[in-house]
Amino acid sequence: MSAPKTKLIAALFCCLASIAISVHVWLLIAHSGLWIVPVSLGAAILMSCSALSAVQKSRKMPSKSVVITTEERRSEDLARKDRDSSLPLHAFTIDLEDYFHTDVASQTVNHDMWDQMPSRIESSVRRLLDLLDQNNTRATVFTLGWVAHKYPQLIREVSSRGHEIGCHSYHHRIVSRMTPQAFRADTQLSKEILEDVVGRPVIGYRAPNFSITPGTEWAFEILESLGFLYDSSVNPVRHKLYGNHGAPRFPFYIPKTGLLEIPIATWRIGRVNLPIGGGAYLRLLPYAYTQLGLAAHKSRPATMYVHPWEIDPYQPGVGKGWKSHIRQTGGTATMESKLSRLLTSARFVPIIEAYEDELHHSFSAVPAQRLHSVNLAQVV
Ligand SMILES: [Zn+2]
């Protein structure tokens, strides 16, 4: 068998092993269907062994391949991305918060302690912005109101570097644990601060931990009444904290409102929606998993997300136990290189550009008296 053919077989086994490992870890994350864990792990080990053996065979064969450095390949990818408008178009988003604002950190750090925590947000955010610049990418940055209040200059810099600013609540409270009154007050405070800091309308909202779930639909009406035109809090997967697996996978208008819902990307296999939107799934699983999921998404934009603390392997430990430790810091050392690969694989734009047509429809459906001075052209 020729070397290229053997390498192809090795790559195929690697992909299959990646999927098996991914399903295995995903099931561990989602805490469901544990019966399949030993099966998927066994399949992953078998396929990895086959891939290794195929690679060893190909090494014994002479090859005339030209050595191309990673940097050269990256430059080629970027150049191709710039000229190739046929590359898939996706939405890239950031949930801008510090490492001690997360659900894991809330096990040991309460709101009263936030001011005393050693912040790492400025360096993480600037590294993330530089990475986006290097890949000619702009994003929607859902920002915590608390951060905008404390670091207004940082948020102004995010906006001035061409990114859309969205709202990620003020106190990072889980919506399903709040009353409608508390949700309204928290969201309104954050929106006002963000708009004051960047001097632009804020029209998009994302709930902490995608926590607008069945039973909290009242939140959509409140968002609409506060002047939001879209929400991106629905993650249509099975998960004990933010599962919303019965929701549509693609953008839809919330019934009886003009609010556009933009769900997080998923990969449909059979009757199951696998999470491929980024975050922990990109950090902890092999990159091939996200790559294959996005390939299946190519005919419609996928909405991806990341947090600044996910590229920071030196963040202080928060949370209790090894599971929390993995959820918060697992894969942070390799996340930046995975993001770099992701950003060269497609064209990524802010939500307002990826879903421009749908938002214009939403915009025209909103009664004029609620629009105030909102103009889509002013958002980015
Ligand atoms: Zn968050």
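## A quick tour of this predicted model

Let's start with Ile 94: leaving out residues up to four places away in sequence, it touches Leu 128, Ala 139, Val 141, Phe 142, Tyr 305, Val 306 and Pro 308. Touching, or being in contact, means that the C-beta atoms of two residues, placed from the backbone, lie within 7 Å. What you're looking at is a predicted model, where local features need pLDDT of at least 70, side-chain atom pairs count only at pLDDT 80 or more, and totals for chains, interfaces and linings use all residues. Residue numbers start from 1 along each chain as its sequence is written.

**The whole chain**

- The protein chain has 15 helices and eleven strands; these are DSSP runs numbered from the N terminus, with helices being H or I of at least four residues and strands E of at least two.
- Of its 380 residues, 43% count as buried. Buried means 20 or more other C-beta atoms within 10 Å of the residue's own, exposed means 12 or fewer, and partly exposed is in between, with C-beta atoms placed from the backbone.
- Take the contacts between residues at least 6 apart in sequence: 77% of them join residues at least 24 apart.

**The cores**

- Ile 94 turns up again in the largest nonpolar core, which has 75 residues; Ile 94, Ala 91, Leu 194, Tyr 230 and Leu 259 have the most contacts inside it. A nonpolar core here is a set of buried Ala, Val, Leu, Ile, Met, Phe, Trp, Tyr and Cys residues joined through C-beta atoms within 7 Å.
- There's also a second, separate core of six residues, including Tyr 99, Phe 100, Ala 105 and Val 318.
- In soluble globular proteins, nonpolar side chains tend to be buried together.

**Strand β1 and its partners**

- β1 covers residues 89-96, and seven of its eight residues are buried.
- β1 runs parallel to β11 (residues 347-349), joined by three bridges, with Ala 91 partnering Val 349. Two strands count as paired if DSSP finds at least two bridges between them.
- With β10 (residues 303-306), β1 pairs in the parallel sense over four bridges, and Thr 93 sits opposite Tyr 305.
- Four bridges also link β1 to β2 (residues 140-143), again running parallel; here Asp 95 has Phe 142 as its bridge partner.

**A hairpin**

- β8 (residues 266-269) and β9 (residues 272-275) pair in the antiparallel sense over four bridges, with Ile 269 opposite Val 272.
- These two strands form a hairpin with two residues between them, and Gly 270 in the turn has a positive phi of about 65°.

**Two helices crossing**

- The axes of α7 (residues 180-198) and α8 (residues 218-225) come within 10 Å and cross at roughly 35°. Axes are lines fitted to C-alpha atoms, for helices over the stretch in contact, and angles run from 0 to 180 degrees between N-to-C directions.
- Pro 180, Phe 183, Arg 184 and Thr 187 of α7 make the contact with Trp 218, Ala 219, Ile 222 and Leu 223 of α8.

- Asn 136 isn't a glycine, yet it has a positive phi of about 50°. It lies in the loop between α4 (121-134) and β2, and is partly exposed, with 13 other C-beta atoms within 10 Å.
- His 172, also not a glycine, has a positive phi near 55°. You'll find His 172 in the loop between β3 (164-167) and α7, where it counts as buried because it has 27 C-beta neighbours inside 10 Å.
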